Amino acid sequence: MRKFDIKAIKESALTSNVYGNIAIVTDFGKLLTTESKTWLLDGFFIGFVSKGEAQFMVDKHTYDLKEGTLFACYPRNILEKYTVSPDIKAQAVFVSADHAGIFADKISIDWTIRLMALNHEVVSVRSEELERLENYMKVLSSRLVSEESEHKADCIENILMALLYDMLDIRKRAHKGEVIAERKYSSSENFFLRFIKMLSDKSRPFQNVNEYAAELGITSKYFSTICREITGKTASTIINEEIIRSSKILLQDRTLSIKQVSDKLNFANQSHFANFFHRYAGVSPQQYRKELV
């Protein structure tokens, strides 16, 4: 099994344009015809098929992609068992796992893209929408390889923001024009959505499994069962991953001391935060900050 990340994209024979933690792969179909039959995704992978067909499995769920379909894959999942038609034409944008969290915070995109990936949705795209997505890809690809300038990174992020928002609009239209938040969800999905809203609310301190379950009015066992059924992860894992993601974002702000980061994340003390971060990130907060240089 090979890791699919920015480094792998650069080293592969794929036609791609890369800048920092963002890449455009213009021949995604070629990935599915390489010698490696299993990939570990280390970032968000969002794309569409313009021609042909493809089928692959992600997290034991089958994606059946046909001409004019949109898909999203979640980080840390395994892509495997794929087949493609000879005439496949597919493009995708890849954003590294760490940068995806930072980017989402900057542009205030909620969990819709994440839920789209977690629910393994394949969305039908109209011809005019497909043409628009292809144009976004052309503009974004061009800017990724353009010469350095003062606002290059800002331009790239705003073009990507527009692309993602358009994808969200396409998804809403595909759900018969309903507002996503008002779509009919099962009872367990509604609990999960409420949990995600609480977890994503930056004005709230992070809580443990029992506290979130109590606020939702369900047992901790049922809460964890819901999370595992929808994401394949326990509630505790989701919470811890979100804490680590927020930690890394805050640690990039060098005006904040480690203690201030610890306080913002509601840890009892700096030592507790350092132990937690090292356990899940593999390095100390100080070392992580050094490696950012």
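The legends below describe close-up views of a predicted model.

Residues are numbered from 1 along each chain as its sequence is written, and side-chain values use heavy atoms, with hydrogens and water left out. In this predicted model, local features need pLDDT of at least 70 and side-chain atom pairs count only at pLDDT 80 or more, whereas totals for chains, interfaces and linings use all residues.

**Figure 1. Overview of the chain and its secondary structure.**
The chain holds 13 helices and 11 strands; helices (H or I, at least four residues) and strands (E, at least two) are DSSP runs, numbered from the N terminus. Of the 293 residues in the chain, 49% are buried. Buried denotes under 20% relative accessible area, exposed over 50%, and partly exposed the range in between (1.4 Å probe, protein chains only). The chain exposes about 14700 Å², of which carbon and sulfur atoms supply 49%; accessible areas come from the Shrake-Rupley method with a 1.4 Å probe, and for residues only the protein chains shown count as cover. Among contacts between residues at least 6 apart in sequence, 67% join residues at least 24 apart, a contact being heavy atoms within 4.5 Å.

Helix H9 comprises the 12 residues 220–231. At 1.5 Å a residue H9 should span 16 Å, and its end C-alpha atoms are 16 Å apart, in agreement with that value; the expected span is 1.5 Å times one less than the number of residues. Phe 223, Ile 226, Cys 227, Ile 230 and Thr 231 of H9 are buried. These residues cover an arc of only 95 degrees around the axis and therefore lie on the same side of H9, the arc being that of the directions from the helix axis to the C-beta atoms. On the face of H9 turned away from the buried side are the exposed residues Lys 221 and Glu 229. Just after H9, Gly 232 adopts a positive phi of about 80 degrees.

Cys 227, one of the buried residues of H9, has 0% relative accessibility and so counts as buried. Cys 155, at 30% relative accessibility, counts as partly exposed. The structure holds zero disulfides, a disulfide being a pair of cysteine sulfur atoms within 2.5 Å.

**Figure 2. Helix H7.**
The 14 residues of H7 reach 20 Å from the first C-alpha to the last, close to the 20 Å expected at 1.5 Å a residue.

Seven salt bridges are found in a search of the whole structure; a salt bridge is a side-chain nitrogen of Lys or Arg within 4 Å of a carboxyl oxygen of Asp or Glu. One of them joins Glu 129 to Arg 173, with the closest N and O atoms 2.7 Å apart. This pair links distant parts of the chain, with Glu 129 in helix H5 (residues 127–144) and Arg 173 in helix H6, 44 residues apart. Glu 129 has a relative accessible area of 6% and is therefore buried, whereas Arg 173, at 23%, is partly exposed.

**Figure 3. Two further salt bridges.**
Glu 148 pairs with Lys 152 in a salt bridge whose closest N and O atoms are 3.9 Å apart. Glu 148 is exposed, with a relative accessible area of 55%, whereas Lys 152 is buried, with a value of 2%. Arg 204 forms a salt bridge with Glu 215, and the closest N and O atoms are 2.9 Å apart. Distant parts of the chain are linked by this pair: Arg 204 lies in the loop between helix H7 (187–200) and helix H8 (209–216), and Glu 215 lies in helix H8, 11 residues apart. Both count as partly exposed, Arg 204 at 24% relative accessibility and Glu 215 at 36%.

Leu 164 lies in helix H6 (residues 152–174) and is buried, with a relative accessible area of 8%. Leu 164 and Val 93 are 71 residues apart in sequence, and their C-alpha atoms are 9.9 Å apart. Leu 41 belongs to strand E4 (residues 38–41) and, at 1% relative accessibility, counts as buried. A distance of 5.5 Å separates the C-alpha atoms of Leu 41 and Asn 77, which are 36 residues apart along the chain.
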